[in-house]
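Hello,

Here is the structure we talked about passing on. My notes on what was found in it follow below.

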Amino acid sequence: MPDQAVSLRGLRKSFGAVQAVAGVDLDVADGEFFAMLGPSGSGKTTVLRMIAGFEAPTAGTVELGGRDVTRLAPFERDVNTVFQDYALFPHMSVLQNVEYGLRVKKVPRGPRRERALDALRSVRLEGFEGRRPAQLSGGQRQRVALARALVNRPRVLLLDEPLGALDLKLREEMQVELKAIQREVGITFLFVTHDQEEALTMSDRVAVFNQGRIEQVGTPAEIYERPATAFVAGFVGTSNLISGEAAVAVLGREGTYSVRPEKLRVVPGDGTPGPDEHSAAGTVREVVYAGPSTRFVVDLDAGGRLIALQQNLQVSSMDVMALRGARVTLAWHRRHEFPVAAPDPDPVAAGG
């Protein structure tokens, strides 16, 4: 087993009657890019703040590199945090911003300057040393904040929605950039986000949070292809849930099952499934043409509704729009359906 950069055991946090974190156990390995993903109020940011030392746990322990830091102050922990608003000093140059933490630690001027310049090179900002934050783009300011955190050479870098303030195109560019920087510096990144695509794109592993608990931990492929619960199936991407009478009629068994929209084939009329396929007949309720792909909303004869996503490889918008109201058969390979657990009915009002 690799060395653990972060280990959480029985972590809980209550704010009066509100239970924000309801018992979290988690291990993050050295050098891992790990995402904590969940909707607003799921507890992920509160967990990050307890790792950083900004919040004290109500119960449980936080270990960094095998050392119990649960009761230590933030400055006594081998971590640094990058926030969404970057928190750069506007009156300081880029170099002065990056040097600031080392200056507080009374690192001599020569080594301080050398380490700051190394940090700027690692985030590809050579030549920007003399600029002020106001003279930089959003992506450049984000990288200055990253360099300022990296210059202290922490064991773990905590990132709290660091790309949330960027526009879509820049955010997508920075996702690739941030992952490349993490590989280069080799530091453990613990990344909080509510953006599913961001978590799947950047992370080695993902923990999906819901109501103060972790629903599932796994690689992006495991989380997407094999969600453990109905919540994960619905939150990470788009998923179809087949349950109740529809599950019995279509699949021949009870329970709740998930199949992703892109796994479904849309066959006009009464199609015949292959030997390893399930199928369900229905009527196309709606057609949503989106250029490269089309989304079909199909009301099943057996009850319920499925969404199918089809690539527009050899069809036009007129071809697919003509299917609105038509009879179709949806077919999918049996290996692409999987059982999911019902959501936990115990509500937890959470924050972050």
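**Helix H2 against helix H4**

Val 94, Asn 97 and Val 98 of H2 are in contact with Val 144, Ala 147 and Arg 148 of H4. By type, the residues of this contact are four nonpolar, one polar and one charged. Please keep in mind that this is a predicted model.

H2 covers residues 94-104 and H4 covers residues 138-150; their axes come within 7 Å and cross at roughly 30 degrees. Angles under 35 degrees count as roughly parallel, so H2 is roughly parallel to H4. The crossing of H2 past H4 is right-handed.

An open sheet is formed by four strands in the order S2-S1-S4-S5, with antiparallel pairing. Strands S2 (18-29) and S5 (67-68) stand at the edges; each has a single partner strand, so one side of each is left without a neighbour in the sheet.

S1 (residues 4-15) and S2 run antiparallel and are joined by nine bridges. For Ser 14, the bridge partner in S2 is Gln 19.

**Annotation**

The UniProt record, an unreviewed entry, carries the annotation "domain: ABC transporter" for residues 6-236. Over that range the chain is 36% helix and 27% strand, and the C-alpha atoms at its ends are 24 Å apart.

Regards

Terms used: Residues numbered from 1 in each chain as written. Predicted model: local features only at pLDDT ≥ 70, side-chain atom pairs only at ≥ 80, totals over all residues. Heavy atoms only, no water. UniProt positions renumbered as here; feature names shortened; annotations may be inferred. Helix = DSSP H or I, 4+ residues; strand = E, 2+ residues; numbered from the N terminus. Pairing = 2+ DSSP bridges. Axes fitted to C-alpha atoms, helices over the stretch in contact; angles between N-to-C directions. Parallel < 35°, antiparallel > 145°, perpendicular 65-115°, else oblique. Left-handed = near helix turned anticlockwise from the far one by under 90°. Contact = heavy atoms within 4.5 Å. Nonpolar A, V, L, I, M, F, W, Y, C, P; charged D, E, K, R; others polar.
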